[in-house]
Amino acid sequence: MDTHYNFSDIRLDANAMAEIALGHSHKITDKLQVGAKFKVLLGVANATASIDNMDVRMTENEWTINAKGSMKMAAGKGLYLPTKAEAGASYDKPSEADLIEWGDLEYNSFGLSGFGLGVDLGATYQLLPDLQLSAALNDLGFVNWNHAVTGATSETSWKFQGFQNIAVDSDAPNYEENKLDEQLDRLWDDLQDVVNFHRESQDGSYTRALHATLHLGAEYKMPFYKNLTGAFLFSSHFAGVSSWTEGRFYANVKPTKWFDATINYGASTYGSSFGWMINFHPKGFNFFIGSDHQFFKVTPQYVPVGKATANINFGFNVTFGS
């Protein structure tokens, strides 16, 4: 039996950033209000890895993998990723000398590794006394990452033809070389080399655009209870192969000036989900906590089933002005 899989555009992108922001909103007319927030971005760390193409073929006699990809990583001057040659690690071919030796990764000092700028734009329009429309475009900008390690895979190929001459008795010939755990270790080392990267630069730089998000919304005050509103929000996130689109319905209640809560249900590129949020905002600060994705069903071992996606968001803001 011949089984064939082909994977492409597999991407991992992780960021750690802090921001310093200054925002302002202004009432243009009785119905129209606009706002903007300017952000200075401080990059702590970034890691991007992609598999451009991976071809996997499994037959009764052997498994083969062919892969090609790239990676970039920035975490300040203290990050050092040596090659196998620099680390004194063993390798079989001269072409493997510049493969990154992950086991000898060094991180000697903490420091910022990137700087960038961003802006958020938004507006609201009171179409009817009880109906407000809104629009926002968030995270327009970029971050430039410095002191970066970059790498790429060549057209690497791996072939596995099964375990050979497994030694189960310590008296067997070549026992140490052929025992099962030793063959498993060699298999793992070979697999790592398939997706390992040839280091291209130890102290380079690159620029990444922020992943912008568009929001379009409408909110309607219920005539029977003005502190209860129903809303709909359309969101589209622009992030290449990780882009997504979502439509979400909300029910919001604000019984006092300092507290409000919401429940919501949405359908998106990744399926449907239920969410909630509570927000405390007395004068001078606000604290919020909420989630758009959670699971409700688990196995007896507490492994989520059905929906395995969950998130939690919380924040604390200090506000100024009247």
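**Figure 1. Aromatic pairs in the predicted model, starting with F232 and F249.** Searching the whole structure turns up 5 aromatic pairs. In one of them, the ring centres of F232 and F249 sit 4.9 Å apart with the planes at 50°, so this pair is tilted. F232 belongs to strand β11 and F249 to strand β12 (residues 244-256), so the pair ties together parts 17 residues apart in sequence. As for solvent, F232 is partly exposed, at a relative accessible area of 34%, and F249 is exposed, at 54%. Keep in mind that everything here comes from a predicted model. The chain has a mean pLDDT of 82, with 81% of its residues at 70 or more.

Figure 2. Two elements, β15 (285-291) and β16 (313-318), each give two or more residues to the patch. Which element gives the most? That is β16, with 3 residues. V318 is in strand β16 and counts as exposed, at 52% relative accessibility, because the cut-off for exposed is over 50%.

Figure 3. Side chains of opposite charge can pair when their charged atoms come close. The structure as a whole has 6 salt bridges. In one of them, the side chains of D120 and K39 meet at 3.1 Å, N to O. D120 is in strand β6 (residues 114-128) and K39 in strand β2 (residues 32-58), so the pair ties together parts of the chain that are 81 residues apart in sequence. Are these two partners buried or exposed? D120 is buried, with a relative accessible area of 12%, and K39 is buried as well, at 3%.

**Figure 4. D130 and K226, a salt bridge from loop to loop.** The side chains of D130 and K226 meet at 3.0 Å, N to O. This pair links distant parts of the chain, with D130 in the loop between β6 and β7 (131-152) and K226 in the loop between β10 and β11, 96 residues apart. K226 is partly exposed, at 45% relative accessibility.

Figure 5. R248 and E246 bring their side chains together in a salt bridge of 2.7 Å, N to O. R248 counts as buried, at 1% relative accessibility, and E246 is buried too, with a relative accessible area of 12%. Elsewhere, salt bridges that share partners join K37, K39, D120 and D139 into one network.

**Figure 6. M222 and its contacts.** M222 sits in the loop between β10 (213-221) and β11 (228-237). What does M222 touch, leaving aside residues up to four places away in sequence? The contacts are L228, T229 and G230. The C-alpha atoms of M222 and L131 are 9.6 Å apart, and these residues are separated by 91 residues along the chain. M222 is partly exposed, at 22% relative accessibility.

**Figure 7. T245 and the residues around this spot in β12.** T245 is found in strand β12 and is partly exposed, with a relative accessible area of 32%. Not counting residues up to four places away in sequence, T245 touches F234, S235 and S236, and also A267, S268 and T269. From T245 to F234, the C-alpha atoms are separated by 7.6 Å, with the two residues 11 apart along the chain.

Technical notes
Residues are numbered from 1 along each chain as its sequence is written. This is a predicted model: local features need pLDDT of at least 70, side-chain atom pairs count only at pLDDT 80 or more; totals for chains, interfaces and linings use all residues. Side-chain values use heavy atoms; hydrogens and water are left out. Helices (H or I, at least four residues) and strands (E, at least two) are DSSP runs, numbered from the N terminus. Buried means under 20% relative accessible area, exposed over 50%, partly exposed in between (1.4 Å probe, protein chains only). Contact means heavy atoms within 4.5 Å. pLDDT is the predictor's confidence in each residue, from 0 to 100. Rings of Phe, Tyr and Trp (its six-membered ring) pair if their centres lie within 6.5 Å; planes under 30 degrees apart count as stacked, over 60 as edge-to-face and the rest as tilted. A salt bridge is a side-chain nitrogen of Lys or Arg within 4 Å of a carboxyl oxygen of Asp or Glu.
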